[in-house]
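Here are my notes on this one, written as numbered points. Have the model open while you read.

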Amino acid sequence: MSRVFRGYRALLAPTKSAAAAAAAAAAPSKSTATKKSAAAAVKPKDKPVRATGILKAAPVSPALSEFLGGVPEASRTDVVKKIWDHIKLHNLQNPTNKKEIFCDEKLKTIFDGKEKVGFLEIGKLLSRHFVKSG
């Protein structure tokens, strides 16, 4: 049984590169100039995050723009969030079947005049409101 524990200890032992990095971090620097350069070498440069896919703002139809308050473009995620905020604010979710949403006049303008929609239909019904550019 001692062979098993020896193998286990070997698996949990820190690697040589981790031990070297820990020793380098513990060693005090000689000047502030080297501290700054060492910090710059360790910290990766921040790249601006570029929105793509459903996070990318796209032009929206006039009906959806009116629903959002006159915004000419929006991302799909922001639109869905605002629709759900509207649903919860006006208590439009069916209490017996939470998957169903009752449409008020404002939602009917963007959901093709339907009285009820399923929450999985929302994405499909919103597709036509995002104008393709290019």
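Which residues of α5 are buried? Point 2 has the answer, after a word on the ground rules.

1. **Ground rules.** This is a predicted model, so local features need pLDDT of at least 70 and side-chain atom pairs count only at pLDDT 80 or more, while totals for chains, interfaces and linings use all residues. Residues are numbered from 1 along each chain as its sequence is written, and side-chain values use heavy atoms, with hydrogens and water left out.

2. **The buried side of α5.** V79, I83, W84, H86 and I87 are the buried ones in α5 (buried is under 20% relative accessible area, exposed over 50%, partly exposed in between, with a 1.4 Å probe and protein chains only). They cover an arc of only 155 degrees around the axis, so they sit on the same side of α5; the arc is taken from the directions from the helix axis to the C-beta atoms. The elements are DSSP runs numbered from the N terminus: helices are H or I with at least four residues, strands are E with at least two.

3. **What it packs against.** The buried residues of α5 pack against α4 (62-68), β2 (73-74), β3 (100-102), α6 (105-110) and α7 (121-126), where contact means heavy atoms within 4.5 Å. On the face turned away from this buried side you'll find the exposed residues K81, D85, K88 and L89.

4. **Length check.** Helix α5 runs over residues 76-89, and at 1.5 Å a residue its 14 residues should span 20 Å; the end C-alpha atoms are 20 Å apart, which agrees. The expected span is 1.5 Å times one less than the number of residues. After α5 comes N91, with a positive phi near 50 degrees.

5. **Salt bridges around K108.** The whole structure has five salt bridges (a side-chain nitrogen of Lys or Arg within 4 Å of a carboxyl oxygen of Asp or Glu). K108 pairs with E105, closest N and O atoms 3.6 Å apart. These two are three residues apart in helix α6, which means about one helical turn between them. K108 counts as buried at 18% relative accessibility, whereas E105 is exposed at 58%. K108 also meets E115 at 2.8 Å, N to O, and E115 is exposed too, with 52%.

6. K114 and E121 form a salt bridge at 3.1 Å, N to O. K114 is partly exposed at 32%, and so is E121 at 25%. Through shared partners, salt bridges join E105, K108 and E115 into one network.
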